[in-house]
Amino acid sequence: MKGTLTDSYGRTLDYLRLSVTDRCNFRCYYCMPEEGIDFVQRKDLLSYEELDYLCTLFLSLGVKKIRITGGEPFVRKGIMGFLTQLSRHPELKEITLTSNGSISESQIKQLATLGIRKINISLDSLDRQRFYEITRRDRFEEVFACILNLVKEGFLVKLNCVVDGKKNTQDILPFVELTKNQPISVRFLEEMPFNGTGKFVPPTWNHIALFDYIKQHYPDLLKVPDEKNSTSVNYRVPGYAGSFGIIPAFSRTFCGTCNRIRLSATGELRTCLYGPPVANLRDVLRSGVSEGALIEEIVRAVARKEKDGFEAEAQSKKIPKKSMSFLGG
């Protein structure tokens, strides 16, 4: 252990969100435009060998948890081999995944063998037609079957639902009802300005409106203890098998306890989703610098982490916000 990653506010950053690709087989409207997307060239992506090496450095700096994201991680060829390699690092306490549900049965069994048991699935509607309108793909049955399969195989499943007042508010209560018989956690997220179009209207369905709406229909809600560094405020309906949470993703009320850093598939290091990249580790790595110099770059970049998402956003006001498929969520 070479030390820990700490910012100027005393926060220890031990959670890496690692994007392995900017590509996705869906085209969710809040994440990317339907057409005209300039995907990254293969040569500009970090190779799996480079990703594993950088993860080794982050682990030496105290990172204990890595979440694999995309784009959609399972569209990148060789992803299971990379996860196998990653799982061999003894310092790594937990590997988690975020997917849109494009995980085959054989991959699910391989994940279980690797000890990867926590998976977040992005799902914004339980209605086939609304699912199609949101994702621009007619694959609801496939995704839902994947979710049920994961639950059956004993995975801890969280469903991430981005709430849009014009698209899917009629799905809020059905999602809560889904937790009646399924031991899953549904998290409702405020919409964020990472759709790749440069246009965004702040959400009216913020975390307060979401809670009030659900509380009207379920007045006996029970508060569920939140995990350390949790971004969601969690509840359950008495007698229900699962739970639900609300993430103030746009309101950013959780920044004070943030322990996250993000690395894009092209090596862009971000200390906040809303801020600009603070370094490009791909370029530094490929320049041939020593391991020590690369570690110094990481430590120096992390130390400059802004106080919260609003300060971070102020640093990039004039820079168009990239697609969430590139940033990795």
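Q: Why is aspartate 138 called partly exposed?
A: Its relative accessibility is 41%. Buried means under 20% relative accessible area and exposed over 50%, with partly exposed in between (1.4 Å probe, protein chains only), so 41% puts aspartate 138 in the middle class. This is a predicted model, in which local features need pLDDT of at least 70 and side-chain atom pairs count only at pLDDT 80 or more, while totals for chains, interfaces and linings use all residues. Residues are numbered from 1 along each chain as its sequence is written, and side-chain values use heavy atoms, leaving out hydrogens and water.

Q: What makes the contact of aspartate 138 and arginine 128 a salt bridge?
A: The term asks for a side-chain nitrogen of Lys or Arg within 4 Å of a carboxyl oxygen of Asp or Glu. Here the N to O distance is 2.7 Å, so the pair qualifies. The bridge links distant parts of the chain, 10 residues apart: arginine 128 lies in helix H4 (128-135), aspartate 138 in the loop between helix H4 and helix H5 (140-152). Helices are DSSP runs of H or I with at least four residues, strands are runs of E with at least two, and both are numbered from the N terminus.

Q: How do you know whether arginine 11 and aspartate 7 are buried or exposed?
A: Arginine 11 has a relative accessible area of 9%, and aspartate 7 has 5%. Both values fall below the limit for buried, so both residues are classed as buried. They form a salt bridge, with the closest N and O atoms 2.7 Å apart.

Q: Which class do lysine 223 and aspartate 226 fall in?
A: Lysine 223, at 45%, is partly exposed, and so is aspartate 226, at 36%. Their side chains meet in a salt bridge at 2.9 Å, N to O. Elsewhere, salt bridges with shared partners join Lys65, Glu94 and Lys118 into one network.

Q: How many salt bridges does the rule give?
A: The count is 14.

Q: What makes strand E7 (222-224) and strand E12 (279-280) edge strands?
A: Two strands pair if DSSP finds at least two bridges between them. The open sheet has 12 strands in the order E7-E8-E9-E6-E5-E4-E3-E2-E1-E10-E11-E12, with mixed pairing. E7 and E12 each pair on one side only, and are therefore its edges.

Q: How do you know that strand E1 (residues 15-19) and strand E2 (residues 65-69) pair?
A: Five bridges join them, which meets the requirement, so they count as a pair. The two strands run parallel, and tyrosine 15 stands opposite lysine 65 in E2.
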